[in-house]
Amino acid sequence: MFRMMKKFILTVCAALLLIPGLQAGGKKLNVSALNALVSEYRVREDFEVTHLGFFSTSLLKRAARLGADDPDARTAVSLIEGVRNLTVVDFSGSPASVRASFASRVNRILHTSDVLMEMKDEDSCLRVYGLLDEVAGKLRDLVLFDENGTLLVAGGSISLDALQSLSGNL
């Protein structure tokens with residue numbers, strides 16, 4: 001499951017690099033408001049929340065560095081080097097009214113942010129938000145949101161060079 005999610009996120013991020021005319025800058029994402037909203041809903045049994053804060057992500061990065069013995073693994077480690085926290089929410093098992101309420105509140109927080117990419121399927125729409133900083137070579141504060149039950153918030157930055165290198169090897 002984790003491997004599949006990792007490939008999906010890498011694929012989405014790689015696709016962002018290929019979008020012609022993607023503008024650097026953009027409007028700041030309110031990651032702290034999203035995390036506060038998740039904290040409010042995480043007490044519900046039908047919300048599955050995994051949150052890795054600064055300390056946990058530091059330990060994860062350290063463990064990944066120790067296990068990075070091939071070039072692709074080292075590139076993957078450099079990709080996550082700037083991530084400070086990671087929150088993954090699965091609310092697909094919630095009643096429709098709760099999903100709608102949560103989605104509405106997430107949309108209110110994100111309404112001033114620029115959508116970098118939108119992928120539509122038959123019954124779902126995954127929107128990707130973030131700030132592209134071409135000068136620094138970083139993608140900052142990545143948010144993936146599907147109103148049908150998924151929210152991923154990665155606070156910090158992802159190296160565009162490492163992303164390009166790793167996406168070339170997929």
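This is a predicted model: local features need pLDDT of at least 70, side-chain atom pairs count only at pLDDT 80 or more; totals for chains, interfaces and linings use all residues.
Local features here need pLDDT of at least 70 and side-chain atom pairs count only at pLDDT 80 or more, while totals for chains, interfaces and linings use all residues. Residues are numbered from 1 along each chain as its sequence is written, and side-chain values use heavy atoms, with hydrogens and water left out.

Start with the whole protein chain in cartoon view. You will find six helices and six strands, assigned as DSSP runs (helices: H or I, at least four residues; strands: E, at least two) and numbered from the N terminus. Tracing from the N terminus, the order is α-α-β-α-α-β-α-β-β-β-β-α.

Next, colour by burial. Of the 170 residues, 41% are buried, that is, under 20% relative accessible area with a 1.4 Å probe, protein chains only.

Now select Phe 47, Phe 102, Val 106, Val 143 and Leu 151: within the largest nonpolar core, which has 21 residues, these touch the most other members. Such a core is a set of buried Ala, Val, Leu, Ile, Met, Phe, Trp, Tyr and Cys residues joined through side-chain atoms within 4.5 Å. H5 gives the most, six residues.

Zoom in on Phe 102. Beyond its neighbours within four places in sequence, Phe 102 is in contact (heavy atoms within 4.5 Å) with Leu 37, Val 38, Tyr 41, Phe 47, Phe 91 and Leu 151.

Last stop: select Leu 144, Leu 160, Ala 162 and Leu 163, which are among the 17 residues of a second, separate core.

How values were computed: Buried means under 20% relative accessible area, exposed over 50%, partly exposed in between (1.4 Å probe, protein chains only).
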